[in-house]
Amino acid sequence: MTGRPMVEISGLRVWYGRQEALKGIDLEVRRNEVLGIIGPAQSGKSTLLKVINRTIDDVPGAVWTGSLRVDGEEVRHIRDVSALRRKVGMVTPLPVGLPLSVFDNVAFAPRMAGVRDRSQLEDRVERCLRLAALWDEVKDRLDSLGTRLSGGQQQRLTIARALSHDPEILCLDEFSIAIDPVTTMRIEDVLKELRSAITIILVTNLVQQARRLADRTAFFFNGELVEVDRTEAIFSEAPADVRTRQYVQGIFG
Amino acid sequence: MFEASSHTRNKQRGEQAARAVLFLMTVLMVAPLLLIVGYLFYQAWPILSLDFLLSNPRNGMRAGGIWAPLLGTVYLVVISLAIATPIGVLAAVFLNEYARENWFTRIINLAVVNLAGVPSIVHALFGLGAFVLFAHLGKSILAASLTLAIMTLPVIIASTREALASVPQPFREACWNVGATRWQTIRHVVLPNSVSGILTGVILQVSRAAGETAPIMFTGAVFFKAIPEGDPFAYRLFDQAMALSMHLFTISTQVPDVPKALPYGTAVVLLGTVLAVNAAAIVLRVRLRNRRKW
Amino acid sequence: MGALIKRPRLEIVAETAIECLIRLCGVSAILFVFGIFFFVLREGSQFLFHGFNFREFFFSQEWYPTSQSHVRYGVLALIAGTASVTLLAMALAVPFGIGAAVFVSEFCSRRAREILKVVIELLAAIPSVVWGFIGLTVMNPLIINAFQTPIGLNVLNGGLILALMSVPIIVSIGEDSLKAVPDSYREAALALGVTRWQMVYRVLLPAARNGLLAAVLLGVGRAVGETMAVLMATGHAVKIPTSLMDSVRTLTATIAAELGEAPVHSNHYQVLFIIGILLFSITFAVNLTADLIVRGVRGK
């Protein structure tokens with residue numbers, strides 16, 4: 001956790017039309033840490049992730065100002081957006097299995113990036129499915145459609161896809177919303193295994209999940225970054241801001 | 001206690017009457033189709049045979065078959081759809097996948113809708129002015145096919161858009177999230193899953209291109225042309241051609257003393273083809289809806 | 001991904017090329033619509049701007065384009081021809097079409113609905129030349145026998161045929177508009193104890209009013225623009241009809257019938273193109289209006 005921060009955000013403001021979704025964010029994500037981001041709905045947490053991988057560009061009416069650097073590069077000025085998106089793995093709240101075979105689901109990103117060699121793809125697919133704790137369940141049916149897997153399997157498939165392009169940052173946006181607690185636990189174990197190798201940004205509505213996994217936790221409320229500190233500081237010791245304390249204690253949500 | 005009052009009974013009688021009237025209206029509308037097809041078949045029966053399809057019109061079109069017009073229609077349909085399909089599909093891809101909601105795309109949408117409503121005779125005038133005269137193609141299969149292509153374009157665009165729009169947005173976002181470009185996403189996920197809808201739209205335009213008369217009357221279809229029987233490559237791109245629809249018009253209005261069965265036979269072949277193609281498209285649509293991948 | 005892996009250069013170039021092509025095709029629709037207007041105007045423009053008598057065109061019913069001594073280009077009778085056939089067609093097609101749309105949408109079992117929709121789609125596919133043929137060979141003798149008139153090619157024949165041709169579009173769009181009315185309307189009305197028909201008549205039809213109007217307008221557009229069927233079924237008399245049994249000529253049929261004979265670039269030829277512009281403008285206006293209304297219904 002030394003050296004240049006992985007993500008540096010400075011003065012970030014985002015508008016959806018007239019509505020201000022992020023009101024000036026200054027935040028740092030350190031290399032190889034797990035940063036938890038908590039806060040009630042409509043706080044701007046997902047919006048932040050969208051700016052990191054520039055998928056905010058595809059939201060009609062979205063405008064953003066300020067600076068956001070990934071690994072030193074200003075995201076706004078990156079010409080090859082696909083390269084940026086391969087550096088950042090994104091796991092969405094709702095599991096999505098592409099209408100391709102399981103194999104093709106995980107091989108999709110490398111193929112699009114130019115990997116053609118079949119054996120390389122096979123290695124990569126197996127590695128990512130193992131990392132996502134899905135290999136044992138699908139190894140005999142790699143040809144079956146990704147859309148026919150169960151919700152929990154599709155979410156793990158999404159994670160395998162997100163890992164398939166060797167991201168340096170893994171962003172998870174409320175990944176456990178649509179899946180059962182057992183699968184959630186399995187994925188949390190996966191994250192624990194990955195944490196030393198990559199940087200993880202974990203947006204979650206489950207406050208206790210942040211407590212379990214995050215090194216530092218940031219509290220977002222109503223488009224503002226209220227507070228960011230070591231996880232223990234946010235949870236057990238007295239947080240600086242009263243709103244953080246109230247949210248963490250479940251007084252509102 | 002729950003006995004129907006006379007008011008309720010009256011209401012129910014009114015209801016039944018209304019239902020009956022509406023049913024009758026529907027039947028009255030639908031019955032013509034069946035009656036017409038039946039009557040045409042009945043009148044055409046004596047002349048329908050393979051020979052009818054494969055032999056040329058003879059004796060000033062008072063005898064013989066419909067080979068030349070039939071082949072001409074095939075040429076026109078194939079060439080016009082070969083032109084219209086790629087343009088239509090790509091235009092729909094633009095409108096659904098690339099275009100942002102702004103005044104410019106709204107104008108394009110408007111243009112597509114209005115293109116769809118242009119009368120067929122105006123298409124004929126356009127074809128004459130633009131392709132036959134301005135582009136110096138002369139009256140030819142090419143000019144007629146181009147005219148037909150412009151005519152079928154809006155429906156191909158509309159049905160392709162529908163097919164593209166039926167692919168759920170989360171699929172696209174999942175592809176973009178892993179670094180696929182917009183085109184890669186379209187090529188590998190969106191288009192392959194829209195093929196059935198696109199195909200249905202194109203097939204439906206086959207019957208439309210085969211049935212239209214006005215657009216080809218002045219751009220390439222001709223009263224009579226002698227071509228060898230049984231040769232599928234008898235026409236050239238810059239030839240004029242006979243066509244089924246034109247032929248039906250000709251022998252029922254321009255040629256005197258035509259034996260009765262002849263125009264009926266032509267009508268039956270034209271109508272039969274059109275209905276068969278449409279029915280096939282409908283079956284295809286139902287089949288492929290059931291094979292959806294999500 | 002490692003820097004060793006890169007998309008092949010050729011692929012990137014091809015992608016740029018095809019995206020360019022896509023944008024081009026997208027814009028093409030506008031080009032074609034303008035193109036149609038432009039080229040039709042072009043063929044008629046010389047006469048239109050030099051010596052064309054607007055007053056005579058619109059207000060005279062004397063259409064004598066081939067006269068040796070006194071050429072006149074009055075299209076009033078032709079407009080009357082188009083209007084009369086269209087009006088008759090709509091008078092028949094609208095009630096039947098909307099009635100059928102209501103039936104299919106509200107009173108039908110699912111199975112029957114599927115079948116009916118297929119039948120209506122097939123009805124819509126019948127080529128106009130076949131309809132014209134039917135007018136010529138089926139309706140003609142029927143009308144002669146039923147009404148004891150010498151000629152069966154008249155407003156009645158054309159109107160009936162056009163009605164059958166316009167009905168499918170009215171049913172199809174009408175049914176879409178009825179489907180677009182939220183189920184909550186139906187449920188609320190039925191919960192109050194009204195019969196199905198009362199619910200349709202008092203709640204549904206008013207709610208779907210816009211869409212039904214658009215359906216009718218599109219039917220009108222279809223009828224006004226129809227060429228072959230009216231060419232073959234309405235006869236050849238260029239005069240304002242006074243009864244259903246009169247033969248008439250529509251604007252569309254006139255172009256189709258005379259274009260082949262008019263020498264290229266002659267005044268007659270150019271006037272036919274000018275009629276084309278008139279037709280284009282009418283259908284453009286009708287379809288534009290209908291589309292603006294339909295957009296609201298389908299929530300595009």
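# Close-up views of a predicted three-chain model

**Figure 1. Chain C, fold and extent.** Contacts in chain C with a separation of 6 or more come 74% from residues 24 or more positions apart. The model is predicted. Twelve helices and two strands make up the secondary structure of chain C. Read from the N terminus, its elements follow the order α-α-β-β-α-α-α-α-α-α-α-α-α-α. The radius of gyration of chain C is 25 Å, whereas a compact globule of 300 residues would have one near 19 Å. The C-alpha trace of chain C spans about 80 × 70 × 35 Å along its principal axes. Buried residues account for 46% of the 300 in chain C.

**Figure 2. Chain A, fold and extent.** Chain A contains ten helices and ten strands. Its radius of gyration is 18 Å, close to the 18 Å from the globule rule for 253 residues, so chain A is as compact as a globular protein of that length. The C-alpha trace of chain A covers about 55 × 40 × 35 Å along its principal axes. Of its 253 residues, 46% are buried. Take the contacts in chain A between residues at least 6 apart in sequence: 69% of them link residues at least 24 apart.

**Figure 3. The contact between chains C and B.** Chain C contributes 66 residues and chain B contributes 68 residues. On the chain C side, helix α1 (residues 9-49) of chain C supplies the largest share, 20 residues. By class, the side of chain C that touches chain B holds 45 nonpolar, 13 polar and eight charged residues.

**Figure 4. The contact between chains A and C.** Six residues of chain A and five residues of chain C take part. The chain A side of this contact divides into two nonpolar, two polar and two charged residues.

**Figure 5. The open antiparallel sheet of chain A.** Four strands of chain A line up as β2-β1-β4-β5 in an open sheet, with antiparallel pairing. The edges are β2 (19-29) and β5 (73-74) of chain A, each pairing on one side only. Strand β4 (residues 62-70) of chain A runs antiparallel to β5(A), and two bridges join them. R69(A) has E74(A) in β5(A) as its bridge partner.

Figure 6. How many residues of strand β8 (residues 199-203) of chain A are buried? Five of the five are, so the strand is largely enclosed by the rest of the structure. In a regular strand, side chains alternate between the two faces of the sheet. On one side of β8(A) are T199(A), I201(A) and V203(A), and on the other I200(A) and L202(A); all are buried. β3(A) runs parallel to β8(A), joined by four bridges. V34(A) stands opposite I200(A) of β8(A). β7(A) also runs parallel to β8(A), joined by five bridges. Here D173(A) stands opposite V203(A). The chain passes from β7(A) through helix α7 (residues 181-194) of chain A to β8(A), a right-handed β-α-β crossover.

**Figure 7. Strands β6 and β7 of chain A.** V88(A) and M90(A) point one way from strand β6 (residues 88-91) of chain A. G89(A) and V91(A) point the other way, and all of these residues are buried. Which strand of chain A pairs with β6(A) in the parallel sense over four bridges? That strand is β7 (residues 169-173) of chain A. V91(A) has L172(A) in β7(A) as its bridge partner.

**Figure 8. The largest nonpolar core.** In soluble globular proteins, nonpolar side chains tend to be buried together. The largest nonpolar core here has 261 residues. Those with the most contacts inside it are C171(A), I201(A), L202(A), L76(B), A267(B), I161(C) and I170(C). Helix α3 (residues 67-98) of chain B gives the most to this core, 17 residues. Leaving out residues up to four places away in sequence, I201(A) touches V29(A), L35(A), I37(A), L49(A), I169(A) and C171(A).

**Figure 9. Q42 of chain A.** Q42(A) sits in the loop between β3 (34-38) and α1 (45-52) of chain A. Is Q42(A) buried, exposed or partly exposed? Q42(A) is partly exposed, with 14 other C-beta atoms within 10 Å.

Methods. Residues are numbered from 1 along each chain as its sequence is written. Chains are lettered from A and ligands numbered from 1 in the order in which they are written. Two residues are in contact if their C-beta atoms, placed from the backbone, lie within 7 Å. Ala, Val, Leu, Ile, Met, Phe, Trp, Tyr, Cys and Pro count as nonpolar, Asp, Glu, Lys and Arg as charged, and the others, Gly among them, as polar. A residue is buried if 20 or more other C-beta atoms lie within 10 Å of its own, exposed if 12 or fewer, and partly exposed in between; C-beta atoms are placed from the backbone. Two strands pair if DSSP finds at least two bridges between them. The radius of gyration is taken over C-alpha atoms; the globule rule is 2.2 Å times the number of residues to the power 0.38. A nonpolar core is a set of buried Ala, Val, Leu, Ile, Met, Phe, Trp, Tyr and Cys residues joined through C-beta atoms within 7 Å. A crossover is right-handed if, with the strands pointing away from the viewer, the path from the first strand over the helix to the second runs clockwise.
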